[in-house]
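Dear colleague,

I am passing on a structure that you have not worked with before. Please look through it first, and then read the notes that follow.

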Amino acid sequence: MKRTRNVCPFCGCGCGFYLLSEQDRVVGIDPSPTNPVNKGMLCVKGWNAHEFIHSPERLTKPLIRKHGELVEASWDEALKLVSQKLMEIKKKFGPRSLAFLCSAKVSNEENYLLMKLARAVFKTNNVDHCARL
């Protein structure tokens with residue numbers, strides 16, 4: 001059984017665990033006893049953090065709408081479309097018409113980068129975080 005060190009994706013605490021895998025399939029979680037945050041313990045979400053990995057419903061490629069249908073796209077195409085649409089909204093309605101919602105499922109550094117994107121690029125202070133709700 002292979003053990004791969006990881007950080008729980010469910011909140012910003014930073015609990016550490018090992019993904020347990022057999023061949024190419026993740027089969028379980030083993031909490032890290034040396035992680036200073038969780039000290040070998042996990043909440044119920046952490047214990048089940050691997051279950052979405054092999055879900056047949058999991059999106060693995062970006063989808064964009066063309067002629068009313070969702071179709072697979074490259075990352076470059078999807079990101080270009082999103083940036084164009086956001087810039088169009090900003091130009092037409094002003095920067096206060098945009099808002100950005102950060103997530104507890106990413107690192108503090110990623111949340112900081114989204115905040116910088118909102119404020120520096122799109123010139124809006126409309127940034128919030130799901131943990132505040």
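In which sense do E2 and strand E3 pair, and over how many bridges? The two strands pair in the antiparallel sense over six bridges, where pairing requires that DSSP finds at least two bridges between two strands. Helices (H or I, at least four residues) and strands (E, at least two) are DSSP runs, numbered from the N terminus.

Before going further, please note that this is a predicted model, in which local features need pLDDT of at least 70 and side-chain atom pairs count only at pLDDT 80 or more, while totals for chains, interfaces and linings use all residues. Residues are numbered from 1 along each chain as its sequence is written, and side-chain values use heavy atoms, with hydrogens and water left out.

To return to the strands, E2 and E3 form a hairpin with two residues between them, and Gln 23 in the turn has a positive phi of about 55°. Phe 17 has Pro 31 as its bridge partner in E3. On E1 (residues 2-7), six bridges join the strand to E2, and these two run antiparallel; Val 7 has Gly 16 as its bridge partner in E2. Six of the seven residues of E2 (residues 16-22) are buried, so this strand is largely enclosed by the rest of the structure; buried means under 20% relative accessible area, exposed over 50%, and partly exposed in between (1.4 Å probe, protein chains only).

Three salt bridges are found in the whole structure, each being a side-chain nitrogen of Lys or Arg within 4 Å of a carboxyl oxygen of Asp or Glu. One of them joins Arg 3 to Asp 30, with the closest N and O atoms 2.4 Å apart. Arg 3 lies in strand E1 and Asp 30 in strand E3, so this pair ties together parts that are 27 residues apart in sequence. Arg 3 is partly exposed, at 44% relative accessible area, and Asp 30 is also partly exposed, at 27%. Another salt bridge joins Glu 77 and Lys 66 (3.1 Å, N to O), linking helix H2 to strand E4 across eleven residues.

Finally, the largest pocket holds about 190 Å³ of space. A pocket is an open set of points on a 1 Å grid over the protein atoms alone where a 1.4 Å probe fits, with protein on both sides within 12 Å along at least five of seven lines, and lining residues have an atom within 4 Å of a point. H2 gives the largest share of the lining, five residues.

Best regards

Conventions: Grid points are joined across faces, edges and corners, and a volume is the space filled by probe spheres set on the points.
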